[in-house]
Amino acid sequence: FYFSNVLSKKWSEISPKRFIKKIFYVALSVRIVWVVFSYFFYQGMTGQPFEFGAADSLFYNDIARYGSGLIADGNLFIADELTKYSGGLGFSDQGYPVYLSFIYFLTGKSILLARLIKALWAAWTCVLVYKYASRNFGEPAGRIAAVFCMLMPNLIYYCGLHLKETEMVFLTVAAVE
């Protein structure tokens, strides 16, 4: 709350264009620091780069590794194969494993790079929150909303996990925007 107050006041007089850049880069920096720290912290504490008691994260990692192999073999329509491999993915749960399979294919199955991409989506979410709130509630409210979004602990925390929350929040805010 301290930094929300300080940054809202400190950044209140800068131009909207400069404010967007500050929000994006500070949000991205904070999230990258957390992603890198949490990756190595969990690696040291659990022997794997996943949180304590990881269940869904390990499932998504496993299924995405399989899916990226399918893509490497030339199969771009992998949803049915992932459903068979997993023992029955529900339709509403297919999107994230398919997305993560493509991310793994592009990054060489890198868990760290996949999470850094999450940090990028999360930082962009802060900018979209600013644009939406400014347009609908005025510039001061938009700036405060963006600063709150930038500093929201759970939005930062989820960037360091292999869960779909970061992407879902981004897609939701992008759709509303």
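1. Start at Lys-109. Lys-109 sits in the loop that joins helix 5 (95–107) to helix 6. Its phi is near 60°, a positive value in a residue that is not glycine. Most residues other than glycine have a negative phi, which is a reason to look at this position. Lys-109 has a relative accessible area of 33%, so it counts as partly exposed. Keep in mind that this is a predicted model.

2. Overall fold. The chain has nine helices and zero strands. Read along the sequence, the pattern is α-α-α-α-α-α-α-α-α. The C-alpha trace spans about 55 × 35 × 25 Å along its principal axes.

3. Packing and surface. The chain has 177 residues, and 41% of them count as buried. Take the contacts with a separation of 6 or more: 67% of them come from residues 24 or more positions apart. The accessible surface of the chain is about 9500 Å². Carbon and sulfur atoms hold 67% of that surface.

4. Charge. There are 16 positive and 12 negative side chains. The centres of the two sets lie 14 Å apart.

5. Aromatic pairs. How many aromatic pairs does a search of the whole structure find? The search finds 17. One of them joins Phe-59 and Tyr-60, with ring centres 5.7 Å apart and planes at 55°. Phe-59 has 31% relative accessibility, so it is partly exposed. Tyr-60 has a relative accessible area of 7% and is therefore buried, the cut-off being under 20%.

6. A stacked pair. Trp-121 and Phe-170 have ring centres 5.0 Å apart. Their planes meet at 25°, so this pair is stacked. Phe-170 is at 9%, so it counts as buried.

7. More on Phe-170. Which residues does Phe-170 touch, leaving aside its neighbours within four places in sequence? The contacts are Trp-121, Trp-124, Thr-125 and Leu-128. Phe-170 and Trp-124 are 46 residues apart in sequence. In space, their C-alpha atoms are 7.7 Å apart. When viewing the model, centre on Phe-170 in helix 9 and then bring up Trp-121 as its stacked partner.

8. An aromatic cluster. Ring pairs also join a group of residues into a cluster. Its members are Trp-34, Phe-37, Phe-41, Tyr-42, Phe-52, Tyr-157 and Tyr-158.

9. A charge over a ring. Which residue lies over the face of Phe-19? It is Arg-143, at 4.6 Å from the ring centre.

Technical notes: Residues are numbered from 1 along each chain as its sequence is written. This is a predicted model: local features need pLDDT of at least 70, side-chain atom pairs count only at pLDDT 80 or more; totals for chains, interfaces and linings use all residues. Side-chain values use heavy atoms; hydrogens and water are left out. Rings of Phe, Tyr and Trp (its six-membered ring) pair if their centres lie within 6.5 Å; planes under 30 degrees apart count as stacked, over 60 as edge-to-face and the rest as tilted. Buried means under 20% relative accessible area, exposed over 50%, partly exposed in between (1.4 Å probe, protein chains only). A charge sits over a ring if NZ of Lys or CZ of Arg is within 6 Å of the ring centre and within 35 degrees of the ring normal. Helices (H or I, at least four residues) and strands (E, at least two) are DSSP runs, numbered from the N terminus. Contact means heavy atoms within 4.5 Å. Accessible areas come from the Shrake-Rupley method with a 1.4 Å probe; for residues, only the protein chains shown count as cover. Lys and Arg count as positive and Asp and Glu as negative; His and the chain ends are not counted. The place of a charge is taken as NZ of Lys, CZ of Arg, CG of Asp or CD of Glu.
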